[in-house]
Amino acid sequence: MTHISVNVDGTTYEDDVEPRLLLAHYLRDRLGLTGTPIGCDTSNCGACTVDLDGATVKSCSVLAVQADGGRVTTIQGLATDGEWTPLQRAFHERHGLQCGYCTPGMIMAARDLLRENPHPTADEVRQALEGNLCRCTGYQNIVRAVLDAAGAEVSEEVRT
C-alpha cells in the first residue's frame, strides 16, 4: 500500500491505496464520486476526463498515486453552491447530451479548451473534443453548447 494525500473538489483526502489503483476507480469506488464514469478503461472514450493540477487527463490512464499531492477537479466540483457553470448550463440549454454518459468528460475537455482559447471556432471545438466519444448526439449540440458558453455567435454551419 502507498499513502497518498490528494485534494479532490476542494476536500483533501488521505488514503492508503494499491500502487496500481487507477484514479478513476479511486474517485468512484473510494470517494463515491460517481459523476466521473468509466467508459472503456483504455482512454479511448474520454468519459472519465478530470482536471489534475490544471491539466485535463483521462482518469482511467492515471494512477491514484500519480495524483499524490495534487489537486483534482471532477464534474462534481464545478458547480458552486448548486449553481452550474455557464458551460454546464449551455450543455443543458442546447441539449448537448442525450444519454449523458459522455457528458462529464465532454464538459471537462471543453472547459480545458475554453481556458486555453476563450473564443474557439466550431472546428476548434471539434478538434479539442476529438478524444471524447459520444454515441448518441452526433456532436452538433455539443459544439453549439461550447460555442454558447464561449459567447460565440453560433454560425449557420453549426446550426444545421
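This is a predicted model: local features need pLDDT of at least 70, side-chain atom pairs count only at pLDDT 80 or more; totals for chains, interfaces and linings use all residues.
Student: Which pattern does the chain follow along the sequence?
Tutor: The protein chain reads β-β-α-β-β-β-α-α-α-α-α, with 6 helices and 5 strands in total (DSSP runs numbered from the N terminus: helices are H or I, at least four residues; strands are E, at least two). Its radius of gyration is 16 Å, close to the 15 Å from the globule rule for 160 residues, so the chain is as compact as a globular protein of that length (taken over C-alpha atoms; the rule is 2.2 Å times the number of residues to the power 0.38).

Student: And what box do the C-alpha atoms fill?
Tutor: Along the principal axes, the box is roughly 55 × 30 × 25 Å.

Student: New topic: what percentage of the residues is buried?
Tutor: Buried residues make up 42% of the 160 (buried is under 20% relative accessible area, exposed over 50%, partly exposed in between, with a 1.4 Å probe and protein chains only).

Student: Which residues are buried in α1?
Tutor: In α1, residues 23-30, they are Leu23, Ala24, Tyr26 and Leu27. The buried residues of α1 pack against β1 (2-8), β2 (11-17), β3 (49-52) and β5 (71-73); contact here means heavy atoms within 4.5 Å. After α1 comes glycine 32, with a positive phi near 75°.

Student: What about α5, which residues are buried there?
Tutor: In α5 (140-150), Ile142, Val143, Arg144, Ala145, Val146, Leu147 and Ala150 are buried.

Student: Where is asparagine 132 found?
Tutor: Asparagine 132 sits in the loop between α4 (122-128) and α5.

Student: Is asparagine 132 buried or exposed?
Tutor: Asparagine 132 is buried, at 6% relative accessible area. Among the residues that asparagine 132 touches are Cys45, Thr49, Met106 and Tyr139, leaving out residues up to four places away in sequence.

Student: Which backbone oxygen lies 3.0 Å from a polar atom of its side chain?
Tutor: The backbone oxygen of glycine 46.

Notes. Residues are numbered from 1 along each chain as its sequence is written. Side-chain values use heavy atoms; hydrogens and water are left out. A polar contact is a pair of N or O atoms within 3.5 Å; within protein, one must be able to donate a hydrogen and the other to accept it, and residues adjacent in sequence count only if both atoms are side-chain atoms.
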